[in-house]
Every structure is written in structure tokens, then in C-alpha cells.
Amino acid sequence: MDELLQEFISETQETLEALAGEVVAWEADPADRDRLDAIFRFFHTVKGSCGFLNLPRFERLSHAAEDVLSEIRAGKRIADPATVSAVLGIMDRIAELAEAVAIGAALPQENDDYLIAALTGRLAAAEVAGPDENESPTAAVAVARASGGQAAPRTIRLPLSLIDQLMNGVSDMVLARNELSRKLRERSGDPELESAFERLSTCVADMRDAISKTRMQRVDRLFTAIPRMVRDLGRDLGKRIDLSLEGGDVEMDREMVEMVVDPLTHIVRNSIDHGIETPEKRRALGKPEAGRLRLEARQSGNQIVIEISDDGHGIDTGRLVDKAIAAGRLTPEAAARMSEAEKLDLIFHPGLSTANQVTAISGRGVGMDVVRANVERIGGVIALDNRPGCGLTITLRVPLTLTIIPGLIVRAGDLHFAIPRAAVVEILHDNNETLNIAQVGGAKIATIRSVRHSMIDLEDVLGMERVAQPGPRAVMVVRSATGVPFAMGVSAVENHEELVIRPASPLVMASGVYAGMTLPDNGKPMLLLDAAGLANAARLPNIVDDHAARRAGEGEEAQGVVEMVPALRFEEYSGERRLLKLSLIERVEDIDARLFGRSGGCGFVRLDGRLVPVANGHHAFSEEKVAALRLRDGAREACYPVAAVLDIVEMPAVPDMVAMHGLLSGVAVIDGEHLEVINPFALFAALPDEPIAERSGGRCLLADSEDGWTREILAPLLRQAGHEVVMGLPADEAVDPQDVVLFTGSDASQAGELLGCRIVHLRATPRPAGPQDSSIYRYDQDALMAALAGSQR
């Protein structure tokens, strides 16, 4: 008897899910005999089964509904809204009773006589459906769904645990097949054995696909409760809604269906409550009285795309901003600087609602933030297409399945990890010209094509030792669940493949940085990284935290006037954009690159006959002219060469984020751009204590002045290197000990002792004459310059 009862409960619950939409569609078209017959057969079946199962309440409710529907089928009664509402009420009560029986709970003691009286017409209509029951229906719901008539497919019932067990078994078979394939390739080929293996491989692949399909469900399962919900909300709110459902035959993983039900339900409720106007307002706006609500599902690659669109008034971003200001989350000044996209993003902030008052449907400020969190938790994304006055389209993109996902295999240290491919935006190497990695305030910042990202190294987050490697490391731009991308450094990205995801042990999952485990084709278990968990473990900023910090700063600005000072925005040679207080800059000028040099480990530039220290250490440039900032603190002077001078802006006297590090004092947000602020105290403190004295580099005396190679090739090279060149030896003056004499002949052995200075002997052949030959090959420029530099020490 227990098996019969469970079978009855399961069939009743499944049929109720499908019939909820059929009843609503039948109300919109009472002449649809096929739907009426299907509803009648359901109650007739329930009544017939209850007799020997000893379920008197089921029998009494279904018998009353069957009698009324029989009268409607015979033409003795019409399907008015009150009757349809009563039929739906009976179905809801049967569903409650079935749920209680299924879980073994006590049956609810609601008054069934009330529902039966409303169904048979013995209860006043006003007590059932409200004061407008005698008027025309307030929610005309037309469901775009193919009519019945097709034979139901033959099915059997299987426990979900058995399907999961089959899926795990097939996955193990695939891994065993791959291991066998590798071993066959290592040994001598046997055509017959290879042929048998190919047949086995094909069978395993087909079986895996078939078992995978057992986990799939039609999206119709998502749409089942929508028509009933739209009808009831439309009646409660006095709105008429034409509902269109498309793509119900698309299939997705059963777990994904269960994950998407709640976000989809909330979005539909919002569309009806907030979006679609009342018939009176729609008439005044020149719109049809019945609002259009359309749900469409389609498959796009390995994703399911669900669009929910309506033709209401869309999202009023102005009201959102007003609500945020009233809640103290935003200042009017900050709101004026926000783009339309930033204003629209406020809808996802907790505690904000555009409803004027709290009702049973909405207005508590708990909604879209939870929707986005739930969608992104399963690896999906949500997007809004707002058309003020014309409607709103919300697009959900969720993975096709949570069991098999495309993933990337990455190496960190000596271990391999997997990461969902959908979470990776871009992959490049750390020697890429478009990438610049810098340390700011003790944290890493990766700048990719002028876009900055917080950066972490996977080894640091997981507490692993970084292994030295000959080649470059890989940098991945990862999209976390909060929507803020960050850069992650790994040793290498090894491969990409379809991964079978399984739950990891509770101890591993408790770390918060893993989303499960997977078995790739090599059979070695790997942990699946969770992008959001990595970001949280590294304490990276996300959308909520960033906005909260900005709002906190703006709150302080509202309480007291923030001191602003003019600053110069410029770009460093390393690519960073920075700010420097304008009052410290004496002037900006272009300086000849040849005037820069280095002495005693300090960079300098020759200006107005004196040597001025270079604050950032740059002294060698590829261009002829260098843009430089002439700085002065009142007594001391410094030069700061830059790649480009951008503009003059107003910046806060105290940076938005204080981070004293090196020459930086923090970060300021200017026009939405995060700019590093130069710390003038640290800048001038780093300058040399004593004035730079330019050392005399001595002269280069070319002894063989008549030689053509010396005049035409050697002398120009030395002049370009900044040396003073003298052709020949001086006859009437002594040679300075700082001078260096260059000989190209063979008579230079005793010249050094006679002249009292250093001698550089240049030879014409690449190979030296012997072990004692200390001459330099005349076309070895590096050796020549090193010799000249050595003579000047």
C-alpha cells in the first residue's frame, strides 16, 4: 500500500504542476474543450484513486470539482472568473495535502467546506474574489503554448540517486578508457586490438551522452507556475497581462532548473508590480490596456539564455537615485557624476526599492540583489536593457549544466587546478607589452591596455611556494561573482577540456576557495577553483565594497567641505598615471635628452650651468626631447622627467585611499579614474644631501689622428657617447691624468708610462695576438665603452 500511495502522490504533484498553466489558459479561452477535458480527467483520476487509498479529503475535494466541471462540459454552467478561482483553490488544497502526505506531516486543518461552497456557488462571489468580481476579468492571460492532443511519452520513475550513480560510473569508465588508450599508444600497434578499442570507445561515449541526457529537463518545468502567478498577481493589482512563453522545449540540467526557479519568479513578480502599468495609465499613455510579458528561453553554446521582457515603463533611474540619497547611500554631488549605467546598477543594491509603499508583493528593498547573487552563484550573469517609458528586458545567462562544464587546467607551484572557462576573460603572459605589473601600497596592480585590475598570485592565496621557471608566467583576467574582474598570476595554463564536477570533502569546501573537484582525462583528481572565493580570500575589492567605500567618503564630504587642491595629471614612462600637487611645480619644459646623466648612483640633468638631481632616477631616453617637471620646495630643486603631461585637475588634499609607499602617498579618484598621488615629502627626502658635482670625464686623445678609420668612425662614436675628443697628442701641454689615449697602431706598449695616463689599445683583428694581448677589438663597442668608463673612475 505504501508504494501505491507514493506513486499516487508523485503523479498527483506532477500533474498539478502542469495543470496550473492549463487552467489559466482555459480561463482565457473557455471554448478550449481539450484543456477542459484534461482538467476534468485529473479530478476524476484523483477521485477514483482515493477510494481504496483511504484519502477522504482528497476524494471530497476532487468530487466537488469534478461535478462542477461536468456541468461546464455539458453547457449547464459557464467558466466565469469566480469558478476558475475556485478550481485553482481546490488544486492548491490538493497540492498542500499531497505535500503533507509525501513528507509524513500532519494534514493541514483548513476548512475544505469554504472552498467547496465557493466552487458550487453557495458562497457570495465578493467573498471569494474581491469587489471587482462582477466586472470584466482584470488579468487576461494568453499563453503561447501548443494545444494538447499528442500522446504522452512512455516513462518510468527512477530515484535521482540512481541517475547520479550511473553518471559517476560512466565518468569512471571514460577515465579508464583514456588510461587504456595511453597504454595502447605506448606499445606496438595491433590493428585488431585498436579496432576493438575504437568500438569500445564509441560505446562509452554514446553511453555517457545518454546518461547525461537523463539529468536534463525541459525548460517547461521553469514555466509551469508562471501563468498561474501572472493571473493571480494581475487580479490582485488590477492589471491585464498578455503572457507569452517561448522555448519551453529547450533542455537544461535538472539542478540548474531548480536553481533558476526562484530568481525567475522574483523577476516576473517585479515586472508585473513595478513595470506594467494599470489599464487606466496605459490608456493615458497610448498603450494597449493589456500589458505584454514575454519569457523566452534558448540555448546559446553551452549556456541557456532566458529573457524576461515587458512593455511597461522600465526602471526610473531618477527615483532610484532619490531613494539612494534618502537612504544616505549617495550624495547629490556624487549622483550628478554617475553615468546612466551606474544609476541603473543601483537596482542591485540591497535595501533599495522603487516601490512607494511596502505591500505583500514588494517594497521591502529585498529583491534584485538576491536575484543577482543567486544567478552569479551558479556561474551565470544578469543583464538589464532599460528603455524608459517603453519597457525593460532582463537577460539571464546560466550554464547548461552544473555537472559537466568547460574548464581550463592551470599550474601553480607543482600542482594543477581547474577553473571554469566562463570565469576567465583573458589570458596573457607577464612579458606582454600591453601588460604592466606594479606595486602600489604593498598590493599588486596589473594595468592591461590602460585598464587597471587588482592582481593576486595563486600561490600566495593558497599558501604555496612559487617554483622558479625559465619562461614567462601566465596572467589571467578572472571575472568573480561580484562582477569585478581581477588579474591572477599562475605558472602556466596547461589545457582546456570538458570537466566532470563532483563535490569535494567538507573540509576542503570550508576553505571557501574551491567549488568542487574534478577528474580530467588523465585520471588525477584536481580541485576546481572558485573565482569569488579567491577574491574574498585575497580581500580584493568588489562592487559592494567599492561602492560602500565611495559612499562613506561621500558621506564625509557631505558633512564637511573636503579641501581640494590643483594638481597636475601626468603619465610615467612605466605607464602609470599619477598626480602631483601643482604648487610644487615651478614649470614644465622639454629638455634635451643628452643633458641627462648619472654620477655616483644618482641621476642628474645639466640645467643653466649646474647639475640638478633627477627625482625618479631616469637618465637614459630614446627620444631627443624629454618632458620634465621642474620642482622646487623653496630651497632645493629637482627634475622629474615624465612620458606625457595630461592636464590640470582638482584633487583632494588628503587622498581617497591613503597608502604611504615609496614616493606615493595614496590613490585619488578623479573622473572615475584611480590615480596614484606623489608624496612630495618622500620625493625631496630621497634627493642626495650634497649637491652633485659633475666629475670630469677627461678627454679622449686619438693618437693616430691621420688614420681614416680613427677620424671617420671612432671620433664620431666617442662624441655621440658624450666624450670630448682631441685629435692627436698635445705638443705644448701635459696630458691630464684623467685623459685617456687611444692607439690603433702597435707602438702603444710604453706610451702609458711616458704620458702618465691610461692607454686603450685598439686592434684591427677580432682575435687577440696571444694571452698577454690586452688590446680591444675596435668594433667591440661594449668593451670600448667599458674601458673608457674604467679610466674615469
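Predicted model: local features only at pLDDT ≥ 70, side-chain atom pairs only at ≥ 80, totals over all residues.

Modeller: Residues are numbered from 1 along each chain as its sequence is written, and side-chain values use heavy atoms, with hydrogens and water left out.

Biologist: What pLDDT does the chain average?

Modeller: The average is 77, and 82% of the residues score at least 70. pLDDT is the predictor's confidence in each residue, from 0 to 100.

Biologist: Where does pLDDT stay under 50?

Modeller: Residues 124-153 are one such stretch, with 48 contacts beyond four places in sequence. Residues 543-560 are another, with 20. Contact means heavy atoms within 4.5 Å.

Biologist: Which residues touch the most other members in the largest nonpolar core?

Modeller: M252, L293 and L295, out of 49 residues. Helix α11 (residues 254-275) gives the largest share of this core, 7 residues. A nonpolar core is a set of buried Ala, Val, Leu, Ile, Met, Phe, Trp, Tyr and Cys residues joined through side-chain atoms within 4.5 Å; buried means under 20% relative accessible area (1.4 Å probe, protein chains only). Helices are DSSP runs of H or I, at least four residues, and strands are runs of E, at least two, numbered from the N terminus.

Biologist: Switching topic, where is N679?

Modeller: N679 is in the loop between β30 (673-678) and α21 (680-685).

Biologist: Buried or exposed?

Modeller: N679 is buried, because its relative accessible area is 10%. Beyond its neighbours within four places in sequence, N679 contacts M660, L663, L664 and S665.

Note on methods: Buried < 20%, exposed > 50% of the residue type's maximum accessible area, 1.4 Å probe, protein only.
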